[in-house]
Amino acid sequence: MSGDAFEPKIVAYVCNWCTYLGADLAGTNRLEYPANVRIVRLPCTGRMDFNLIIKAFEIGADAVLVSGCHPGDCHYTAGNYHARRRWILFQELLTTLGIDLHRIHFTWISAAEGRKWQEVIQEITESTRELGPYMGYRHICEVQK
Amino acid sequence: MIAQLRTRCRRLLSDGDVQVVIGYEYCEATGAAHPTFLTDPAQADRLTWNGACHHNLVTYLKRPEIQALGRAAVIVKACDERSLVVLQRESQIDRQRVYVIGVTCAADHTRDKETCRACTTPSPRFADEVIGSPPASSAEAKGADGQDRYAQLDRFMERSTEERLTYWQSELQRCTKCYACRQACPLCYCQRCIVDKNQPICIDPATTTKGNFAWHITRAFHLAGRCVGCDACTNACPAGIDLRLLNQSLSRAAEVNFHFRAGEDLDSAPPIGTYSLQDQESFIR
Amino acid sequence: MARIGVFTCWCGENIARTVDVQHVAEALAAEPGVVCSLAFKYMCSEPGQSLLSRKIAEERLDGLVVASCSPHMHLRTFRKAAETAGLNPYLVEMANIREQCSWVHHDRKLATDKAIELVRMSVAKVRHNQPLNPIRVPIVRRALVIGGGVAGIQAALDIADAGYRVVLVEREPSIGGKMAGLSETFPTLDCSQCILTPRMVDVAQHPHITLHTYSEVESVEGYLGSFRVTVRKKARYVDIDRCTGCGECWTSCPSGKNASEFDFGLGRRKAIYVPFPQAVPARPVIDAKACLKLTRNRCGVCLKKCQAGAINFEDQDQMIEEEVGAIVVATGYELYDIKARDAGSSVSGYGEYGYGRYADVIDSLQFERLASASGPTGGKIERPSDGREPKTVVFVSCVGSRDRAKGIPYCSKICCMVNAKHTMLYRHKVHDGEAHVFYMDVRAGGKNYDEFVRRAIEQDGARYHRGRVSEILEQDGKLLVRGIDTLAAVPLTIAADMVVLANAMVPARGVQQLAQKLNVGYDEHGFLSESHPKLRPVETNAAGVFVCGACQGPKDIPESVAQASAAAGKVLVMFARDHLTREPEIACIDQRSCSGCFTCLQACPYQAISRQEITDRAGQVLRYAAQVNPGLCMGCGTCVAVCRSKSADLAGFSEQQVYGMVESLA
Amino acid sequence: MKIGYYPGCALHGSSNDYEQSVRACLQQLGIQLDELDEWICCGATAAHMLNARLATALPARNLALARQQGHEQLLAPCPMCSMQLLKANAELHDRRVRCEMSEIVELPLDASVQVLNLIEVLQQVSCEEIRHKIAVPLEGWQPACYYGCLLTRPPSIVRFDDPEHPQSMETLLRICGAEPVSWNSATRCCGAGMTVANEETVLELSHQILADAHAHGANCIVVACPMCHVNLDMKQGAIQRRDESLPAMPVYYLTDLVGRAIGLDDRQLGIDRHFVTVG
């Protein structure tokens with residue numbers, strides 16, 4: 001791999017009980033995927049505040065993944081439903097602000113879906129490579145008054 | 001109607017029902033209506049009511065200096081009343097401690113304001129008393145039933161994603177974080193605002209574009225499913241940033257997705273803190 | 001300054017093959033606050049753990065990061081090791097450089113770089129870890145069982161047999177529930193009362209069971225470990241302690257034309273009555289609406305007849321307080337009422353089946369009474385209209401069930417077996433009778449169940465028609481059952497003497513109100529919600545409240561009994577100690593900054609948040625703030641996300657910790 | 001009591017005897033009918049087959065007119081009309097449909113007009129009031145109340161009575177002194193519009209209804225639908241030609257019998273214009 005090629009930085013907020021275990025399963029099954037993702041383990045997507053998405057862009061993430069349990073599978077019954085609601089609204093705000101929604105990915109990945117985790121990471125990495133660095137937000141972070 | 005309003009407020013103060021009346025007063029110097037706080041029945045003649053009374057007086061109920069005066073009477077328009085409903089729902093108002101005087105809007109009031117043009121509820125519904133009678137058939141007088149409430153937002157959304165980001169970059173650069181938007185908002189009542197929390201620093205307090213984005217995203221989202229569209233924030237902004245666009249995008253999302261309009265009634269559950277199994281998830285893979 | 005130790009594991013070759021562990025250890029040694037950074041072959045091994053302990057002591061470590069496998073694998077191991085070495089276990093974090101790094105990447109440089117970042121994140125997190133102590137919740141070792149059907153009886157007996165006290169509350173005058181009214185049970189055709197009544201007697205005689213019949217739960221306060229329950233004992237007008245059950249009162253009562261609830265209206269009873277001969281307690285109750293003394297102040301014969309002086313016309317409802325540590329809900333089911341419909345009801349009736357209009361259209365529980373030896377006909381199959389023996393009987397499946405148009409999409413599960421049983425019972429009693437069944441599918445999943453249905457068809461000659469019934473008409477004294485046989489693709493009209501409808505199972509009336517008192521969720525049909533459909537099937541989201549039997553969903557007797565024992569088992573696990581230890585990684589609320597909007601209270605899936613008065617020194621209420629009950633919080637963090645002022649925080653995943661992790665990636 | 005009135009095409013055409021009966025009876029009961037100015041076709045059987053928007057717009061325009069002309073309630077005695085109006089009303093609860101329709105019909109719209117069928121209007125008169133007005137109790141009358149396919153269907157739209165076992169006509173007629181029979185065909189299909197396209201079917205279906213009424217001891221049939229009346233009354237001759245054993249069965253509109261009970265005569269009610277007459 002050439003040293004100059006752009007490698008995106010991807011921050012993944014995942015729930016402890018489904019997606020984190022899904023990622024573990026990908027490992028157990030030796031399913032290879034790009035090394036661009038950094039996992040932040042949270043107990044539940046219900047814990048996931050919108051500020052964390054912004055924070056990720058502030059520290060230079062080129063894409064953010066938020067992933068939890070499928071509907072009905074939440075370890076805490078309803079955390080993912082609460083999260084889903086907030087995302088619906090938050091996306092609308094980001095759209096109005098002109099934040100590129102192609103940089104934000106939401107998935108449900110269960111503890112059994114190691115394969116899906118691999119595919120998701122491959123795809124996100126690939127699509128973010130194509131999009132290039134998220135200059136939009138880097139700009140916001142760099143331009144001083 | 002003004003005479004009736006004055007008589008009523010004079011009476012409330014002289015009877016000791018309330019210790020302060022929050023109302024509008026005509027200001028010679030500016031030729032506009034300003035909020036006024038009356039504690040003496042003799043001051044009641046200063047009260048006025050007309051189409052230029054833009055302020056949402058509910059905001060003042062959260063101020064400690066007003067609370068210290070005792071029980072307050074507050075004059076509300078139907079639109080302001082919605083914020084009262086939200087406050088009540090969020091346990092911020094002891095309804096017994098506030099006397100609410102509703103005033104109706106005449107059909108010709110404030111036709112220049114977009115929110116007023118799209119308004120369909122000219123008469124307060126939860127007030128202790130209502131002064132004035134609503135125009136005959138409001139919905140008809142207004143044409144369509146609020147369908148152009150988001151006309152300005154629609155126009156803005158015609159721009160491309162990049163254009164929108166550029167727009168906000170240049171707009172938010174002007175923000176000095178004076179927090180007038182927070183101060184003016186009837187629903188920003190936190191004991192300690194998240195922006196003042198420093199362990200950890202969730203929102204960069206600097207007045208950089210980065211810090212300003214973080215603040216305004218947070219401010220707007222904290223009003224998701226709560227903002228009643230009184231525009232107090234936009235009107236208060238000394239930099240002239242059109243914050244209403246952000247508020248409206250969330251209000252509309254709540255309406256479209258959850259059939260929810262903030263302040264409509266005391267019973268419906270707000271979108272944040274609740275959920276439905278039927279919520280859409282086409283964006284989730 | 002922090003004193004953090006970082007231990008990078010080789011995991012033999014598992015990690016070391018792809019990640020340059022030595023390099024990771026060196027890179028982390030340079031991190032501020034890290035006072036020791038080592039790589040070791042197997043951290044989870046005994047030598048690995050002793051290395052950990054030694055370094056904790058030598059370096060006076062106050063934070064620990066083990067970079068190895070998934071925390072789901074060994075976090076507990078390392079926390080335990082730290083605890084043994086005198087370090088609070090919650091000061092240990094892991095970095096997952098195996099499952100999420102060495103095993104999924106091949107490029108050694110990339111994997112090593114990523115591993116360094118992952119460990120850095122954990123170091124950033126552990127900087128903000130706080131020592132935590134397990135939460136102890138005291139337990140009152142006494143259980144409340146609500147509902148005295150077969151499920152409630154089983155749960156109560158299991159708990160009581162283990163030596164704990166049980167309070168059993170039943171709404172009706174006798175325990176026994178629906179099963180007490182059944183004739184025979186599938187798939188063995190053993191007599192329902194023969195197997196149930198001994199257990200009912202066990203309940204009555206058990207030294208550890210307090211039985212409140214003709215009683216309902218009025219209110220519930222408190223939480224897991226210590227609930228305060230108020231039980232309303234309804235006025236029975238008979239002092240059951242004085243009463244000897246001699247029967248003088250009900251034999252002499254002149255008011256004898258009251259429809260018997262136990263016989264579902266097919267039989268009659270007196271105004272003072274014992275619902276059925278084997279009732280427990282075998283003591284009568286006075287129906288205040290039918291009693292001449294109570295309605296018109298006449299009669300009073302029972303009072304005169306009673307030698308024991310047990311009749312008391314002045315009786316009033318009484319409130320009884322019970323303190324319990326756990327609650328089992330076993331309120332059961334009733335049949336979907338197809339004739340009466342409220343205007344606002346989401347389910348609609350079956351006007352086309354004529355139930356309530358045609359006397360000979362009955363439901364399956366009524367048929368049970370007809371077939372029961374102790375029933376109103378003494379077990380003879382006689383149709384209600386004229387008492388004649390019906391020669392053609394049609395049994396209709398899925399009345400309500402699986403019928404979205406009528407508002408019930410679910411399968412009631414028992415009706416296929418019930419219908420098969422009914423055809424058998426009928427054919428055993430009426431040898432020349434014809435038994436027809438209309439069905440959608442035959443769902444006979446269960447031990448010996450399908451064999452049972454086959455027997456009904458092959459040996460007992462039940463005639464099965466796959467199709468639904470469109471309407472039931474009355475003509476010339478016959479019931480014309482119009483339907484379709486979809487296998488033969490022909491419309492069918494059967495002239496029947498009696499029709500038995502297998503109505504859907506719905507939760508017993510009032511269960512929603514009870515659920516609200518208990519903070520237990522329920523679905524749109526009113527069935528109580530279990531905590532997890534697979535892994536926590538008898539728990540509910542209200543900690544300390546368990547469900548069993550048909551109140552949770554349609555089920556048959558064996559399943560209800562199994563679930564009841566499961567619920568009892570869960571209660572016994574709780575009662576095995578005098579307090580409960582729970583993970584301390586839970587939420588807490590900073591009441592200084594909480595403005596009391598209570599969005600968290602609404603969002604919390606465990607009702608763990610309550611309102612608390614904030615008072616000044618004089619006790620004057622200044623404001624209200626949210627408070628977390630550590631006995632109920634499960635640590636999901638939903639409250640943190642919805643809290644605007646971030647007054648809510650979650651130990652173990654605090655704002656400081658999470659932001660620290662993200663910022664370490666800058 | 002004054003109420004908006006939407007006759008629809010049938011009551012101004014082939015079934016003007018129905019209109020005559022409705023008007024006479026309701027007037028006697030003190031209900032004044034205020035016919036909608038410039039009403040148009042409800043779309044009936046044709047519109048929804050061709051164009052969904054048209055099928056909503058046609059009744060929507062009528063609803064808009066009713067609203068404009070100040071009617072809170074609108075009587076449509078033909079069940080096809082009332083069903084179409086109710087269907088449109090239900091759709092108008094959706095804000096987007098409302099805006100779109102408002103543009104098409106060029107009138108402001110909401111879902112505020114309450115659409116009533118004939119039975120519902122009669123139900124608004126209290127039992128006491130009807131009882132008070134009864135001059136000739138319907139003694140000896142044993143009607144079979146025939147609701148047909150539309151009065152109670154589709155239940156989610158019309159929300160009227162038990163869709164499979166309606167009893168509202170029976171209740172009304174009992175007040176008038178009649179003894180309605182219990183029978184099997186109350187909500188069967190009479191063949192309705194097939195009367196033009198496939199008369200055979202209509203004759204077959206209507207025959208079953210007449211025969212069932214007879215078998216259950218009815219001496220007349222009562223309807224609240226112009227189409228049902230056409231098939232059961234006008235076609236009865238043709239049906240009798242197929243089955244000579246079938247006795248003549250007079251078919252009345254609901255308002256015919258209520259009207260008779262409150263003292264109106266056959267001429268006032270238009271009964272003299274029916275095909276089947278008995279005694």
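Residues count from 1 along each chain as its sequence is written, chains are lettered from A in the order written, and side-chain values use heavy atoms, without hydrogens and water. Since the model is predicted, local features need pLDDT of at least 70 and side-chain atom pairs count only at pLDDT 80 or more, while totals for chains, interfaces and linings use all residues.

**Exercise 1. Find how many residues the largest nonpolar core has, and look around C:Val119.**

Solution. Start with the term: a nonpolar core is a set of buried Ala, Val, Leu, Ile, Met, Phe, Trp, Tyr and Cys residues joined through side-chain atoms within 4.5 Å. Buried means under 20% relative accessible area (1.4 Å probe, protein chains only).
- Step 1: the largest such core has 268 residues, and C:Val119 is among those with the most contacts inside it, along with A:Tyr13, A:Tyr137 and B:Trp168.
- Step 2: skip the neighbours within four places in sequence, and C:Val119 is in contact (heavy atoms within 4.5 Å) with residues including C:Val6, C:Leu28 and C:Ile97.
- Step 3: a second, separate core has 94 residues, D:Tyr6 and D:Val223 among them.

In soluble globular proteins, nonpolar side chains tend to be buried together.

**Exercise 2. Work out how chain A meets chain B.**

Solution. 
- Step 1: count the residues in contact, 40 from chain A and 51 from chain B.
- Step 2: get the buried area, meaning the accessible area (1.4 Å probe) that two parts lose on being put together, summed over both. For this pair that's about 4,100 Å², with 65% from carbon and sulfur atoms.
- Step 3: look for salt bridges (a side-chain nitrogen of Lys or Arg within 4 Å of a carboxyl oxygen of Asp or Glu). The rule finds 4 across this interface. One of the salt bridges pairs A:Arg85 with B:Asp279, their closest N and O atoms being 2.9 Å apart.

**Exercise 3. Now do the contact between chain A and chain C.**

Solution. 
- Step 1: chain A puts in 44 residues and chain C 46.
- Step 2: together they bury about 3,700 Å², 59% of it on carbon and sulfur atoms. On the chain A side, A:Arg38, A:Arg41 and A:Arg47 supply 19% of the area buried against chain C, more than any other three residues.
- Step 3: there are 4 salt bridges between these chains. A:Arg38 turns up again, in a salt bridge with C:Glu117 whose closest N and O atoms are 3.0 Å apart.

Methods: Buried means under 20% relative accessible area, exposed over 50%, partly exposed in between (1.4 Å probe, protein chains only).
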